[in-house]
Amino acid sequence: MKPVIAIVGRPNVGKSTLFNRLTRSRDALVADFAGLTRDRHYGNGRMGEREFICIDTGGFEPVAKTGILAEMAKQTKQAVVEADVVIFLVDARLGMAPQDRVIADFLRKTGRPVILAVNKAEGMAYTTVTADFYELGLGEPIAISSAHGDGVRAMIDEALDALGIPDEPEEDDKTDKPMRIAVVGRPNVGKSTFINTLIGEERVIAFDMPGTTRDAIDVPFTRNGKPYVMIDTAGLRKRGKVFEAIEKFSVVKTLQAIADANVVILMLDAQQDISEQDAHIAGFIVDAGRALVLAVNKWDGMDDYEKERARTDIARKLRFLDFANVHPISAIKGFGIKELFKDVDAAYAAAMSKLPTPKLTRILEEAVEFQQPKRVGMSRPKMRYAHQGGSNPPIVVIHGNALSGVTDSYRRYLEGRFREAFKLRGTPLRLEFKTGQ
Ligand code: GDP
Ligand code: GDP
């Protein structure tokens with residue numbers, strides 16, 4: 001499971017600047033959709049090879065008792081509970097503020113490992129920057145600049161080292177393990193009902209006890225003689241003989257499950273409009289590169305007009321998921337699930353596709369012949385050959401010259417050609433450009 005890092009501090013110390021630096025979206029596709037990435041407080045973070053989930057807690061004014069500030073403080077506390085390690089940000093320019101002490105006291109009580117980072121330290125002497133903050137009793141402060149990047153890497157290393165997370169990510173050979181499936185969606189769309197219908201209690205082989213947020217709750221099951229693993233997201237706990245949702249919706253658990261899955265089933269409620277929360281979750285799935293199948297639940301009892309309206313709403317608001325198939329289902333009545341599950345297998349196969357270099361290169365050549373990339377200044381991007389750089393999601397690495405000039409629209413054009421040629425339905429596809437090799 002990816003570790004969870006929460007960034008905490010009073011307003012204006014630079015939390016969102018740091019968050020944006022750590023979570024720079026790696027997928028242009030998601031960034032293209034304005035509104036989706038704005039105002040995001042959860043993100044997939046990366047520093048070098050190290051990956052984590054990052055929470056920006058917004059402003060924390062611990063003195064407020066009511067109103068929006070108190071609400072933010074509540075959210076901060078919630079985020080800290082869900083985090084494995086906390087980065088406590090203070091401001092080098094303003095020095096120690098009274099709120100910093102209150103926050104430090106709160107953090108100490110949570111028992112979470114805390115990394116004290118003094119932000120806006122660019123161009124300042126280390127001792128000047130940090131002198132004030134030893135008295136917080138949170139150990140050696142680290143001087144950083146969120147805006148310029150100084151010290152950020154060392155800070156993340158320290159945070160992850162505090163958790164004993166190894167520097168090198170484990171090699172996981174996804175091919176000979178059972179496919180891992182996560183069912184995600186906002187509260188009440190029917191995730192637990194669906195999982196109950198799908199798995200049925202008798203097929204459950206083993207069950208781990210719930211622990212901290214870092215413990216995965218995996219439910220192995222078989223279907224048509226094939227082994228699968230369902231990753232818990234809904235807070236599904238075994239109580240007596242049935243699964244029951246006893247926890248509130250958790251963005252962190254959702255993100256971890258997405259990161260941990262091969263295929264994600266995004267569940268939507270046909271009887272409700274697509275909401276911003278649906279779109280956010282969808283954005284995370286694309287961002288993580290996971291194979292995806294859409295399940296539109298509660299299709300029972302809908303008339304033709306409502307069905308049409310639901311389809312249109314999804315097509316319009318979740319346009320960026322057009323690589324995935326949409327399945328109307330009823331988790332309660334049990335219909336649509338067989339087809340949905342076939343598609344889960346198909347999406348997985350697409351995500352694990354082998355893309356041989358000769359065919360990739362041929363398709364690249366044909367695509368360029370059909371439509372050349374635009375000239376940028378004096379030069380035109382020149383594409384020489386392509387090879388596969390990974391799977392789940394499939395990555396196509398394109399080699400050539402002046403490739404930084406490839407536009408987003410040309411990238412999408414190429415993506416479409418590769419998708420069509422390799423029948424890549426149900427999985428995001430990443431293109432990477434390498435100049436001069
Ligand atoms: P938040 O309220 O804690 O999320 O703070 P913001 O990220 O919105 O930053 C508050 C202000 O501090 C903005 O004007 C930022 O440009 C500025 N800021 C953030 N990080 C740095 C930094 O590393 N150095 C300097 N000089 N300014 C910074
Ligand atoms: P979760 O929060 O996503 O796990 O949602 P639940 O499985 O707890 O379901 C939320 C509510 O939706 C419950 O009242 C279910 O009975 C109802 N529900 C779930 N699936 C269906 C369905 O296929 N059709 C209808 N009409 N209601 C459903």
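**Working chat on strand pairing, loops and a ligand shell**

Biologist: Which residue in S9 stands opposite Arg 223?

Modeller: Arg 223 faces Lys 226 in S9. This is a predicted model, in which local features need pLDDT of at least 70 and side-chain atom pairs count only at pLDDT 80 or more, while totals for chains, interfaces and linings use all residues. Residues are numbered from 1 along each chain as its sequence is written, and chains are lettered from A and ligands numbered from 1 in the order in which they are written.

Biologist: In which sense do S8 and S9 pair, parallel or antiparallel?

Modeller: Strand S8 (residues 218-223) and strand S9 (residues 226-231) pair in the antiparallel sense, over 6 bridges. Strands (E, at least two residues) and helices (H or I, at least four) are DSSP runs numbered from the N terminus, and two strands pair if DSSP finds at least two bridges between them. S8 and S9 form a hairpin with 2 residues between them, and Asn 224 in the turn has a positive phi of about 50°.

Biologist: What is the order of strands in the open sheet?

Modeller: The order is S2-S3-S1-S4-S5-S6, with mixed pairing. Strand S2 (42-47) and strand S6 (142-143) are the edge strands, each pairing on one side only. Within this sheet, strand S4 (residues 85-91) and strand S5 (residues 114-119) pair in the parallel sense over 6 bridges, and Val 86 stands opposite Val 114 in S5.

Biologist: Changing topic, where is Ala 402 found?

Modeller: Ala 402 is in the loop between S16 and helix H13 (408-422). Its phi is near 55°, a positive value in a residue other than glycine.

Biologist: Why does Ala 402 count as partly exposed?

Modeller: Ala 402 counts as partly exposed because it has 19 C-beta neighbours inside 10 Å. A residue is buried if 20 or more other C-beta atoms, placed from the backbone, lie within 10 Å of its own, exposed if 12 or fewer, and partly exposed in between.

Biologist: And Lys 423, where is that found?

Modeller: Lys 423 lies in the loop between H13 and strand S17 (430-435). Lys 423 has a positive phi of about 50° although it is not a glycine, and it counts as exposed because it has 11 C-beta neighbours inside 10 Å.

Biologist: How many residues surround ligand 2?

Modeller: 17 residues surround ligand 2, and the closest are Gly 190, Lys 191, Ser 192, Thr 193 and Ser 330. A residue is near a molecule if its C-beta atom, placed from the backbone, lies within 6 Å of it. Helix H7 (residues 191-199) gives the largest share of this shell, 3 residues.
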